[in-house]
Amino acid sequence: ALLAEARCVLFLRICRLPPTRMDGIVIHNSAVPVPRRTPEWGWLEYLLHVSLQTSRVRLRAAWSVANKRLAVECAKRCRGLLQLYAWVPISELAGSDSIQEICQNGFRVGHKGVSFHIGNVRLPGTHGYGNDARMGRSVRSRGRHLPEGRRLYEFLLCRVGVGRSYLIESAQQAESLDLPPEYDSFFVRHETNADRAEEEHFGVYPRHILHHEYIVRDAAQALPLYFLHFEYDPEREEKLALPVCDACGVQAAKLFCEADDANFCPACDARVHAVNTIAKNHTRVEINRRPNRARGNCPEHVETEADEYCVEDRIPICVHCRKLGSHSAGEAAKHKRIPIMEAYFQALESRPRGIPGLADRQMVEQRLVAQLDSKLAQVQESGRAAEDTIYLKIEGLVREAQDLAEEQAALYMSDELEAKRQLEEAAWIESYLEDVVKQTAPP
């Protein structure tokens with residue numbers, strides 16, 4: 001369902017409207033507000049939660065800013081390329097780039113290119129915020145303050161055609177390199193450390209960090225899709241964090257024991273319930289099936305917990321909705337409603353056991369990886385063979401040079417010995433003549 005919604009997002013109808021303004025900022029004259037309580041709105045908010053790894057964000061407003069001309073250019077340029085979603089914080093834009101300019105004419109790239117970060121984004125005040133690129137992209141603290149510590153942020157959601165990427169070690173390296181013609185973007189290597197994330201941020205879900213950085217030099221490869229205005233409240237309950245194990249107090253709990261009325265991580269569950277036969281027979285359930293768990297708040301009355309689910313409208317409702325709200329009168333009051341937890345478990349049971357086509361895609365990717373590994377092994381083997389050949393040739397040349405040097409040295413030594421012999425002979429003759437002169441009597 002999410003994939004279908006994502007595909008629908010890319011083909012939304014764009015209407016000509018007067019310039020849309022938000023807090024004095026002109027967004028774009030073709031910006032279309034995204035209606036609340038629609039699959040499109042829900043998909044954007046869900047994507048925010050996953051990307052920021054927190055449920056403490058609340059989408060306040062969203063606009064579709066896709067430009068027809070840019071969309072056609074992007075579709076033509078990125079046909080057949082790998083395309084990914086990227087968040088662009090407005091606070092990270094250059095001073096000369098405005099939202100309106102980007103939505104109308106695209107990003108200004110130049111030789112330096114534009115950097116897009118794919119995956120997780122970290123806001124100031126969220127877990128893991130800092131300068132460590134391995135934990136996701138950090139956003140500068142330029143969100144506007146609200147009462148009680150809340151902050152407002154503005155992001156652009158873009159679709160980027162990264163295609164085939166050329167690997168580099170740092171973004172600065174791209175400034176001095178020319179992108180080879182057979183490549184579409186630079187891929188900046190960022191090391192990952194899953195174990196460190198486990199240690200520092202236990203309980204946080206999803207635990208795996210995705211942070212890829214691409215640099216593109218063609219403006220047609222990046223298409224702005226949405227402008228989002230959302231709120232982050234650090235005091236709200238974190239619903240993407242599992243409770244901490246009641247036994248060790250360190251690891252995330254994944255099981256609930258009804259007899260002990262306690263949450264356990266897998267290791268502590270195995271240790272505690274292996275004490276005796278009675279403990280082994282305790283009934284344990286998955287942590288999301290524990291009784292009296294939080295059921296979430298009503299989307300219309302955000303301070304009230306939802307207790308029922310409207311099957312026809314497909315939304316959670318609360319007691320205020322039934323008394324004075326949307327389901328208090330009219331046809332909505334006659335809609336079929338079921339307990340919220342029943343709807344939740346029905347959704348769990350009916351959800352697809354995997355993404356359609358994912359297995360086939362994985363097989364294709366695995367075959368491609370195997371082919372690349374084989375080619376890499378061939379290249380490495382060829383490199384080793386060439387290296388051995390070069391070493392052999394170098395050794396032969398060194399031996400020839402040594403032989404030539406020894407031959408030359410022998411010749412020089414022979415000449416030196418001959419010169420010394422002649423010097424000794426001359427000295428002997430001179431000495432002999434002196435002796436003869438001394439011993440010969442005068443006439």
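The following questions and answers go through a predicted model of one protein chain.

Trainee: What should I know about numbering and confidence before reading the values?
Mentor: Residues are numbered from 1 along each chain as its sequence is written, and side-chain values use heavy atoms, leaving out hydrogens and water. The model is predicted, so to speak of local features pLDDT of at least 70 is needed, side-chain atom pairs count only at pLDDT 80 or more, and totals for chains, interfaces and linings use all residues.

Trainee: How many helices and strands does the protein chain have?
Mentor: Helices (H or I, at least four residues) and strands (E, at least two) are DSSP runs, numbered from the N terminus. On that basis the protein chain has ten helices and 20 strands.

Trainee: What percentage of the 443 residues is buried?
Mentor: Buried means under 20% relative accessible area, exposed means over 50%, and partly exposed lies in between, with a 1.4 Å probe and protein chains only. By that cut-off, the buried share of the 443 residues is 34%.

Trainee: Among contacts between residues at least 6 apart in sequence, what percentage joins residues at least 24 apart?
Mentor: A contact means heavy atoms within 4.5 Å. Among contacts in the protein chain between residues at least 6 apart in sequence, the share joining residues at least 24 apart is 65%.

Trainee: Which residues have the most contacts inside the largest nonpolar core?
Mentor: A nonpolar core is a set of buried Ala, Val, Leu, Ile, Met, Phe, Trp, Tyr and Cys residues joined through side-chain atoms within 4.5 Å. The largest one has 27 residues, and at least two residues each come from helix 2, strand 4 (57–64), helix 3 (68–77), strand 10 and strand 14. The residues with the most contacts inside this core are Leu44 and Phe230.

Trainee: Which residues does Leu44 touch?
Mentor: Residues up to four places away in sequence are not counted here. With those set aside, Leu44 touches Val34, Leu59, Ala62, Leu157, Tyr226 and Leu228.

Trainee: How many residues are in the second, separate core?
Mentor: This core includes Ile90, Val109, Phe116 and Val160. Its residue count is 24.

Trainee: How many aromatic pairs are there?
Mentor: Rings of Phe, Tyr and Trp (its six-membered ring) pair if their centres lie within 6.5 Å; planes under 30 degrees apart count as stacked, over 60 as edge-to-face and the rest as tilted. By this rule the number of aromatic pairs is ten.

Trainee: What kind of pair do Trp43 and Tyr85 form?
Mentor: Trp43 is in helix 2 (residues 39–52) and Tyr85 in strand 5 (residues 83–89), 42 residues apart. Trp43 is buried at 6% relative accessible area, whereas Tyr85 is partly exposed at 26%. Their ring centres are 5.5 Å apart with 65 degrees between the planes, and the pair is edge-to-face.

Trainee: What is the angle between the planes of Phe155 and Phe230?
Mentor: The pair links strand 10 (residues 151–161), which holds Phe155, with strand 14 (residues 222–232), which holds Phe230, 75 residues apart. Phe155 is buried at 1% relative accessible area, and Phe230 is buried at 0%. The pair is edge-to-face, 5.2 Å centre to centre, and the angle between the planes is 85 degrees.

Trainee: Which residues do ring pairs link into a cluster?
Mentor: Phe155 and Phe230 are among them. The cluster is Trp87, Tyr153, Phe155 and Phe230.

Trainee: How far apart in space are Pro89 and Phe155?
Mentor: Pro89 is in strand 5 and is buried, at 1% relative accessibility. In sequence, Pro89 and Phe155 are 66 residues apart. In space, C-alpha to C-alpha, they are 4.4 Å apart.

Trainee: How many disulfides does a search of the whole structure find?
Mentor: A disulfide is counted as a pair of cysteine sulfur atoms within 2.5 Å. For Cys103, the nearest cysteine sulfur, that of Cys158, is 8.1 Å away. The number of disulfides found is zero.

Trainee: Which cysteine sulfur is nearest to Cys318?
Mentor: Cys318 is buried, at 0% relative accessibility, and is in no disulfide. The nearest cysteine sulfur is 3.7 Å away and belongs to Cys298.

Trainee: Is His327 buried or exposed?
Mentor: His327 lies in the loop between helix 8 (319–323) and strand 20 (337–339). Its contacts include Cys310, Asp313 and His335. At a relative accessible area of 2%, His327 is buried.
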